[in-house]
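Open the model in your viewer and keep the selection panel at hand. This tour goes stop by stop.

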Amino acid sequence: MQISSAQPVFKLELNHKVTPGIVTIAKFDGTHACLTACAGYDKIIIHHPHGSMVSGRAQRSQAHGEVSELNLSQAVIALAAGPLKPDAARDMLLIGSPSQILAYDVHENTDLFFRDAPDGVNVITVDNFGKYDEPLAFVGGNSSVQALNWQGNEIFWNVVGGKVSAMITFDFDKDGENELLVGCEDSYIRVLKNNQFIVEIPETGPILCLSPVTEVRFSYGLANGTIGIYEEGIRLWRVKSKQNALALQWSGETLACCWNNGRVDWRDGTSGRVLRRVQMRTSAAAMLLADYRSVGAPDLVCVSDKGEVMGYPPYQENTGFSTAKTLPSEEDRQAITELFNKKQALLMELQHYEANAASSVFSLDEDERPSTAMPTNTRLQVAVNASPEDQCLELTISTNNDTIVRAALVLAEGIFETGETLARHPHPAQLRSILQISLKPPRDVPVDVHIKALVGYSGSEQFHIFELTKQLPRFSMYTKALPSSVCTKSDSVVSFRITERVQRICIWINQNFLLDEEVELQNEEMKELHLRLFCLRDQSLLDMEFGADGNVKFYTTDIRLAGNLIQSLAVFLNLSDLQSVAQFPETEKKLRIEMDMASQVGEIRSRLAAETAERAQLITALLPAAQDAASYDLKEMLSRYKEVIMLNEELLTGCHIRRATQEQAVTSLKSLHTILQHAARLRVGKYSKAVVAASRKAVKEDNIEALIKILQVGDSA
Amino acid sequence: MVNYNFPGIQTDKIFTASGNEVKGYTRKGKVFLTIETSVSDTITSMCVLGGDLILCSGRTITCYRDLRESNSYICDDRVLDIAAFSAPNSTKVKLLALVANKGAVVLDNGRLVSHVTMSSGPSRLTVPPPPHASDVNAFYGTADGSIGLLAYEDSILSYKCLMEGRGLGSVVCMGWFINNGTTHLAVGRHDGSIQLYLVDVENITEKLRLKFTYFCGEPVTSVTGGCVGSEESELLASTFSGRIFALRSRRQVSGVLLSNIPQDALTLRRSKLEVEVARLEKQTANEREKYQRSTRSLTAGLSAPPLLDFQCELSGAIQDAWQEVRITSAVSLDMLFIYCQRKLDIQTDNAAVLSVCSSQGSHEDLLATVRCQAGTRRLWIQIRYKTSSMRVSESARVMIYALPAGAPRVARLLTVRLPILSYYSQHENTEIENEPRSWSEVSMSGSFSVAEITSWLIDILPGDLPRPASNVVFARSHTLLKTILICRYERGSARFRSDNISTIAVIRDTLSNCSISRNIRAEITYNIPDECCSEAFNQIKEDFEREYRKYKDIVLRKALGSLDLDDTRVNNDSPIICEKYMQVWNNIESDTNVTNFKELINTIQQWYADWHELCLNLKDYNNNKIALQKALNDCNLEHIKTILINQNSTQT
């Protein structure tokens, strides 16, 4: 199948640069779509091809008659639009700057609201959500998600595990209500329903973009160049590219993908096969779906970073983009070409089998054997073992005869420091029929490991490829501790009650851990289970006690691990709610430090802001004075200019300090949110939700004791 | 190989050669001639003119007249292509041959009458259509992609480039396409493109005009004009994987001709193919099952699939010392696994995913995988030595395991050796030695054979080396610096001359390493003129200045770019940047953003360091080194010269 190019149905120039990713299309007057984009630091441009509507704050651009400019005093980080105001049937513009969010009614030239966003702003989306009858604005910050209504009031707030990088509303569980899909820098896609995370999908890299496809499918793009589609929470396909996807859109039964370098391709929805491709002249800034021609169906609108806008109609199967009719024989022709290719491949394979059969007359002796040969009954065995000495998992590959493993490639994503593969190619002197490879999965997620082993003899010119797939369970980096280790249990513990038989627990352990021998109960009567495990990463101990009375205790210093274990167990046992009591002295100490830091930084910030304002005022006064002085006293002018320079330098220094404190504030806020997230993950269901709500309140009131209490028992009361 | 004759001369017979056998076919496809020739190597090219049959195999050109061997000639290197010309009023034929690494030669009656050295590496010849067929001239295509004309007039062989390479793939084949009275030169390239150039038959020395390009995705092995099945002119092409197809002019395809094939014929053909494929599928499944069964049996049989068909070639260094490995496969590729004992820089095609793995243990080795897109049959990877202060004195062996996407599941091992002096890929005439350059020299004498020294030079120089002979002389030039290396060796003694002192230093190190590791006693002496650094610098002075300006412009452009100027502000009536900056800014798109400035600096510093090392003069070296670096960075020509010359005065 040949990949063809496409012609745009419309094309226009904005004559402005466009900042990639900060673009939206909205109907500010309720009927006409306007492209709105950030044109460098603090400038917003609005393109209104359907007649002028601009008054008030926006100014007509000098570079383009149909473009208006809007200048903010702050950097523009995110743009979104939607019919936020319930009674007005028109879109409101939401502008996110590093620490503030502004909702602006372009048509009426009024501010809807303006509020601080202390968690930062990375992404904004506007849509209906859950049971709320009015549209909400969702603000994704540094490890938090916030929902606002049209008056700027907070509807809910939740913590996530990293900077939010993509958000869409999507009916994930098909109950007729929208859920919020949140993509984060920590490589998880989370589904938020009713202010509670119901599903976590681990991915192999930071999420860059999400886009709905159909009722049951959504697409995603990652920072490692992967794009793909999920159907009902299961990945349908994915492909990887060197470029990163900037935007994904579902247009005309195909997935259009816009890459950073300006390439746009249309892919088959079920396989990811490329059907059409175009290349923009410069890098891409955005790709949106909008009815920009007012024809009743949305076109794909591609924007380049130089301000070039191109519209493509939905892709159509047979005709592609051209309206010309294809000849009826075209299908036959294509089929014939494909059949020819198939025939050639089959002939090639057949040829090899025949040649193989012919060559079997050779003997296996070292001198006579051809340089491509191998005994037919060679088998490859693969085993994974914990290796406490090397602090890693050992993947052992071996053959069953005198053939050697020349090289092995291990393909897996997210577990290697560099790239997607780990290769081993032993020194010729060390060639054996057995090869060992160390693996160190950095996260507790299940990993599929694909192995390609090249098997032959040391002098071979051609090697047989053996391909195998091995699944590493979620907690593969924990192994049974040696009985000799007499270390005392850690003083950090989380405990909760479940009503399940120990047999079921055994199944969970055997499914999720990689132990040398499976855990089995010695007899039916046994009601208790004690397990002492040892983490290969940092040699810390994990004690799991499942009591006869249903009391469960996990002893570990790692609060994240405790949360992971509880979440995994809850999913396995199908628990909807679970409350727990936690003792994590280390985490509590850290929490106190972070809270202290946060309040300190706040003070410094307000002091610095006041100083800056003062100096800026002085400069504005001094500068005209210096200019005036030029007419009568040059000496006076010189000294005044010197003062201006000095003040300017002070201002600059102040600015650097402010930036440093801001960065510090963001990091401490992030670690604070991370701790809160861990605390929430120690509970399940409504208890987890309660933790988030209570801790939000405690943070606002700056109440450290309450926060500690929440961490311990799940509530401040 | 098949030799297509030009229309009008001998259209009624076809000659083919395979192995050392030549066959002749009549128009109807009957064999009328079979000769088992006496040549030892495989016949690589052939030419028929009247009663003369000329065969090339290896380095030998053998002429047959009326099927009897009349004479033969042995060239210095492999013969790549040949053309024969009949002289008016004479029965003798003149031969024009392309010789690897040497250029072109004209032979008359088994005697060399003229030769010319061509640095672009010509690979193919084709004789222009009448009325020029009797003059001794031919179009040539080269490894660097350019096309030109060779002409032998007044006993002088000369060449003229008619179309530059422009980064296109090397020319693999050429043919003629004649349509409606216009003559086109058809060119098939290694990168899979087929191009038609319009040739003015009356005036063949005119520049060629590109009329048409088609891309078929794999190396083209032959192109020729003709017609199959219809009366319309078609361009026939065959490819590396064995595909044969024909191209017609666009007008004919979109017009009436396409519908010429009736719908039911197409459907019939399709269903026929479907049946055939189904049959093949069944057969393959059977064989597969048989093979699978044999893998489960207790008695060990032998699984030895034939070698997969791969073409792998390494180019000489281009920009930034990158050397390109081009891999062409008959089956589509899934992955490449690349291993080298030494850390190398590596990069590849945009469509493929390169992932460099962590090294094994404490070894400093390179382990990388390249995952290809579906259907990839051609792929390039670029590799180079890591730039470090240490001089490379041992070549690296790069092992590439090519894993195909489908059956059979076997991986072929391809090995390439990365030469140390990778820039010396251009061939020069040895007469260049007479140019007034400041030649440094290293000579070696000892008990080694010509074959041995050739094998050592393989580690040093890129591309093919001349076959060992009793006395070998050849010259190469540096693609970037244009410095020359002349190699001259025979049994027991070798002499290398270059105006680049670093080249001499590398050769000295490598040869002494090689001779020691092979336990051969050899004595190495060298002679370095005092002024070699300054002379060499004089040679590249202009380049250096130009690169310096380019470098400065790029720095400036970067700064201007971060000013966030948009086009409106720049194009306004009242420009906010000065004219010079405007110029630099506007050149952004037109000029490429690559400069060799840093590389040139390193080269000159290396020269200086090598001079001090080879002359065993380390006095003031460290002070001068820093001064030189500063002068180079500022492009202070006078100062650089003083330092480079001063080195000499301190010695004397």
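**Before you start**

This is a predicted model, in which local features need pLDDT of at least 70 and side-chain atom pairs count only at pLDDT 80 or more, while totals for chains, interfaces and linings use all residues. Residues are numbered from 1 along each chain as its sequence is written, chains are lettered from A and ligands numbered from 1 in the order in which they are written, and side-chain values use heavy atoms, with hydrogens and water left out.

**Stop 1: the interface of chains A and B**

Color the two chains separately. Contact here means heavy atoms within 4.5 Å. Chain A brings 66 residues to the contact and chain B brings 73. Together they bury about 6500 Å², with carbon and sulfur atoms giving 58% of it. Buried area is the accessible area (1.4 Å probe) that two parts lose on being put together, summed over both.

Next, select A:K342 and B:E281. They form a salt bridge, with the closest N and O atoms 3.5 Å apart. The term means a side-chain nitrogen of Lys or Arg within 4 Å of a carboxyl oxygen of Asp or Glu. Between chain A and chain B the count is 6 salt bridges. There are also 16 residue pairs in polar contact across this interface (both at pLDDT 80 or more). A polar contact is a pair of N or O atoms within 3.5 Å; within protein, one must be able to donate a hydrogen and the other to accept it, and residues adjacent in sequence count only if both atoms are side-chain atoms.

Now show α1 (329-359) of chain A, one of the elements that give two or more residues to the side touching chain B. α1(A) gives the most to that side, with 21 residues. Helices (H or I, at least four residues) and strands (E, at least two) are DSSP runs, numbered from the N terminus.

**Stop 2: A:H425**

Select A:H425, in the loop between β33 (421-424) and β34 (434-439) of chain A. Is A:H425 buried or exposed? A:H425 counts as buried because its relative accessibility is 1%. Buried means under 20% relative accessible area, exposed over 50%, partly exposed in between (1.4 Å probe, protein chains only).

Follow its side chain both ways. One polar contact, of 3.4 Å, goes to the side chain of A:R406. Another, of 2.7 Å, reaches the side chain of B:Y401. Show the neighbors too: A:H425 touches residues including A:A407, B:F337, B:Y339 and B:M399.

**Stop 3: domains 3 and 4 of chain B**

Select 426-527 and 532-651 in chain B, which the domain assignment, automatic or from a database, gives as domain 3 and domain 4. Their contact takes 12 residues from domain 3 and 17 residues from domain 4. The area buried between them is about 1300 Å². B:L480, B:L481 and B:I501 supply 42% of what domain 3 buries against domain 4.

Pick B:R508 and B:E613: their side chains meet in a salt bridge (3.4 Å, N to O).

Terms used
Lists of a residue's contacts leave out its neighbours within four places in sequence.
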